[in-house]
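Dear colleague,

Please find the structure below, followed by a summary of what was found in it. I would be grateful if you could read the two side by side.

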Amino acid sequence: MTEPTFAAQVSRWYERNARDLPWRRPGIGAWAILVSEVMLQQTPVVRVVPAWEAWLARWPEPRALAEDTPAEAIRMWGRLGYPRRAVRLRECAVAVVERHGGVVPDRLDQLLALPGVGTYTARAVAAFAYGQRHPVVDTNVRRVVCRAIAGEADAGPTTRPADLVATEELLPVEPTAAALASAAFMELGAVVCTARAPRCAVCPVESSCAWRASGQAAPAGPTRRPQRYAGTDRQVRGLLLAVLRDATGPVPHQRLDQVWQDDVQRARALAGLVTDGLVEPVGEESFRLAGDGPPVPLP
């Protein structure tokens, strides 16, 4: 009897052990999956679930978001972090309406052409929403492939073309099975083959793992140095946005001055928010969230 392939082993494990995440449930459309993938970037699942549910309850289709203002997208994004993703997601919704009649496209080239949709997100939507065969490679997948196949402890901080090639070689030929394997690789890296404390004893491919066979130890620390938050411009930007999100109109400059004592850092953070399209000046002495006003209907 032929031994099951690497993908088959991991896929069987996934079908028995996958977390019950709302964007994985039957009948979830491409728009909901796209929203989840954008939200999950650099954000833990536990924080994303309630935000994703609230977002889809308000904007269940791209057109609903496209016809609302950027300011409302920023408000709904709340404290998920990296709020420019909210603006880009709305820009993506507008493009979906204008270019594709309000339906998230299923072609990889069209997905890649959408605002804010990069290599990973485009392939994730094509695979998970449309059951296509594409290598979906994030940090977790790179770690699994690097350890189990290449026998190395860490895959490095960024995705390279070689990572896409290595992952694609592991995928089954049949598209639906390949999409399942892509989800399975990702889940295995997220909950078993973790960066600092891999649970090798419960791994479905432990017996064939090249890294395990080598006897090498896991890295002693995280592959990326944790980013400091307290006292950074990111913190100041977040405090400024919190005031503007809660406001019902333009906020006077004097009110924003109370957010942070360092005048130079506060001014730099505010200027950055304006440059990023998250905040806009109103006259010379007030600011508001970008596009905060009556929605403009799309044609």
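**Aromatic residues**

Trp 55, Trp 59 and Trp 77 form one aromatic cluster. This is a predicted model, in which local features need pLDDT of at least 70 and side-chain atom pairs count only at pLDDT 80 or more, while totals for chains, interfaces and linings use all residues. Residues are numbered from 1 along each chain as its sequence is written, and side-chain values use heavy atoms, with hydrogens and water left out.

Four aromatic pairs are found when the whole structure is searched. Rings of Phe, Tyr and Trp (its six-membered ring) are paired if their centres lie within 6.5 Å; planes under 30 degrees apart count as stacked, over 60 as edge-to-face and the rest as tilted. The pair of Phe 6 and Phe 185 is tilted, because the ring centres are 5.5 Å apart and the planes stand at 45°. Phe 6 belongs to helix 1 (residues 6-17) and Phe 185 to helix 11 (residues 175-191), so this pair ties together parts that are 179 residues apart in sequence. Helices (H or I, at least four residues) and strands (E, at least two) are DSSP runs, numbered from the N terminus. Phe 6 and Phe 185 are both buried, where buried means under 20% relative accessible area, exposed over 50% and partly exposed in between (1.4 Å probe, protein chains only).

The rings of Trp 23 and Trp 52 also have their centres 5.5 Å apart, but with planes at 75°, so that pair is edge-to-face. Trp 23 is in the loop between helix 1 and helix 2, and Trp 52 is in helix 3 (residues 45-58), so parts 29 residues apart in sequence are tied together. Trp 23 and Trp 52 are both buried.

**The chain as a whole**

The chain has 15 helices and three strands. Its C-alpha trace spans about 75 × 45 × 30 Å along the principal axes. Of the 299 residues in the chain, 45% are buried. Among contacts (heavy atoms within 4.5 Å) between residues at least 6 apart in sequence, 63% join residues at least 24 apart.

**Packing on helix 6**

Helix 2 (residues 30-40) packs with helix 6 (residues 84-100) at an angle of about 155°, and their axes are 10 Å apart. Axes are lines fitted to C-alpha atoms, for helices over the stretch in contact, and angles run from 0 to 180 degrees between N-to-C directions. That angle makes helix 2 roughly antiparallel to helix 6; angles under 35 degrees count as roughly parallel, over 145 as roughly antiparallel, 65 to 115 as roughly perpendicular and the rest as oblique. On the helix 2 side the contact is made by Trp 31, Leu 34, Val 35, Val 38, Met 39 and Leu 40, and on the helix 6 side by Arg 85, Leu 89, Cys 92 and Ala 93. By class, this contact of helix 2 with helix 6 has nine nonpolar, no polar and one charged residues. Here Ala, Val, Leu, Ile, Met, Phe, Trp, Tyr, Cys and Pro count as nonpolar, Asp, Glu, Lys and Arg as charged, and the others, Gly among them, as polar.

The axes of helix 5 (residues 70-77) and helix 6 come within 8 Å and cross at roughly 135°. Helix 5 and helix 6 are therefore oblique to each other. Pro 70, Ala 73, Ile 74 and Trp 77 of helix 5 meet Arg 85, Ala 86, Val 87, Leu 89 and Arg 90 of helix 6 in this contact. The contact of helix 5 with helix 6 has seven nonpolar, no polar and two charged residues.

**Individual residues**

Arg 245 is placed in helix 13 (residues 233-246) and, at 13% relative accessibility, counts as buried. Leaving aside neighbours within four places in sequence, Arg 245 is in contact with Ile 74, Arg 75, Gly 78, Arg 79 and Leu 289. The C-alpha atoms of Arg 245 and Ala 71 are separated by 8.0 Å, although the two residues are 174 residues apart along the chain.

Gln 42, in the loop between helix 2 and helix 3, has a phi near 60°, a positive value in a residue other than glycine. Gln 42 is exposed, with a relative accessible area of 60%. Tyr 82, in the loop between helix 5 and helix 6, also has a positive phi, of about 50°.

With kind regards
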